[in-house]
Amino acid sequence: EEVEDDHFLEVETVEGASVGKYPDSEGRTTGLRGGFRYRRWLALMRRMAMNVENDDYLAEFSRAVGANQMDGDENKRLVLRLVRRVPLDLSGRTDADEGGPNAYVPVYSADVWRDDQGVIRVHKRVQASEAAPVDDDS
């Protein structure tokens, strides 16, 4: 079974520069590592990762985090990813065991931006196979 520490939300610019990570183990936004707020964030990340079909809940959460990150910032468009750590392979060492880029898999991704009226918008990113087909004959 997965543990709560294995899920987090990463925030990047569209260009790929890191903006933040939730929960924040340094205590700036979600409390210190051993504190109540930090543990609540871990539990929230796990619950969201287990129920990614609930787009409404994830969109509202992405909107809130995006608004917090864009407040007073020049970043007008962000990418939010709910990420899960790949389970460790106990039979031998793998890239996931080392904690590199292959150790984490995105569970949910969304673009978040502020429109011309100042409203925070969210658009879920999906695989091409999940998107509506486009008719090339038009």
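**Burial and packing in a predicted model**

Q: Into which class does Met50 fall: buried, partly exposed or exposed?
A: The relative accessible area of Met50 is 38%. The model is predicted, local features need pLDDT of at least 70, side-chain atom pairs count only at pLDDT 80 or more, and totals for chains, interfaces and linings use all residues. Buried means under 20% relative accessible area and exposed over 50%, with partly exposed in between (1.4 Å probe, protein chains only). Met50, at 38%, is therefore partly exposed.

Q: In which element is Met50 found, and how far is its C-alpha atom from that of Val107?
A: Residues are numbered from 1 along each chain as its sequence is written, and side-chain values use heavy atoms, without hydrogens and water. Met50 belongs to helix 1, where helices (H or I, at least four residues) and strands (E, at least two) are DSSP runs numbered from the N terminus. Met50 and Val107 are 57 residues apart along the chain, and their C-alpha atoms are separated by 9.1 Å.

Q: In what order do the elements of the protein chain run?
A: The secondary structure of the protein chain comes to three helices and five strands. From the N terminus on, these elements follow the order β-β-α-α-β-α-β-β.

Q: What share of contacts in the protein chain between residues at least 6 apart in sequence joins residues at least 24 apart?
A: A contact requires heavy atoms within 4.5 Å. Among contacts in the protein chain between residues at least 6 apart in sequence, the share joining residues at least 24 apart is 52%.

Q: Which residues touch the most other members of the largest nonpolar core?
A: A nonpolar core is a set of buried Ala, Val, Leu, Ile, Met, Phe, Trp, Tyr and Cys residues joined through side-chain atoms within 4.5 Å. The largest one has 21 residues, with at least two supplied by each of strand 1 (7–13), helix 1 (36–50), helix 2 (55–70), strand 3 (77–85) and strand 4 (104–114). In soluble globular proteins, nonpolar side chains tend to be buried together. Here the members that touch the most others are Leu9, Met45, Phe61, Val65 and Leu82.

Q: Which elements are included in what covers the buried residues of helix 1?
A: The buried residues of helix 1 are Tyr38, Trp41, Leu42, Ala43, Leu44, Met45, Arg46, Met48 and Ala49. Their cover includes strand 1, strand 2 (18–22), helix 2, strand 3 and strand 4.

Q: How are helix 1 and helix 2 oriented to each other?
A: Their axes come within 11 Å and cross at roughly 140°, the axes being lines fitted to C-alpha atoms over the stretch in contact, with angles from 0 to 180 degrees between N-to-C directions. Angles under 35 degrees count as roughly parallel, over 145 as roughly antiparallel, 65 to 115 as roughly perpendicular and the rest as oblique. Helix 1 and helix 2 are therefore oblique.

Q: Which residues of helix 2 are met by helix 1?
A: The residues of helix 1 taking part are Trp41, Leu44, Met45 and Met48. Leaving aside neighbours within four places in sequence, Phe61 contacts Trp41, Leu44, Met45 and Met48 as well as Leu9. The residues met in helix 2 are Tyr57, Leu58, Phe61 and Val65.

Q: What is the C-alpha separation of Ser62 and Ala110?
A: Ser62 lies in helix 2 and, at 3% relative accessibility, counts as buried. Beyond neighbours within four places in sequence, Ser62 is in contact with Leu80, Tyr108, Ala110, Val112 and Val122. Ser62 and Ala110 are 48 residues apart in sequence, and their C-alpha distance is 7.5 Å.

Q: What is the relative accessible area of Leu80?
A: Leu80 has its place in strand 3. Its contacts outside four places in sequence include Leu9, Val11, Ser62, Val65, Tyr108 and Ser109. Leu80 is buried, with a relative accessible area of 0%.

Q: Which residues does Ser109 touch, not counting those up to four places away in sequence?
A: Ser109 lies in strand 4 and is buried, with a relative accessible area of 14%. The residues touched are Leu80, Arg81, Lys124 and Arg125.
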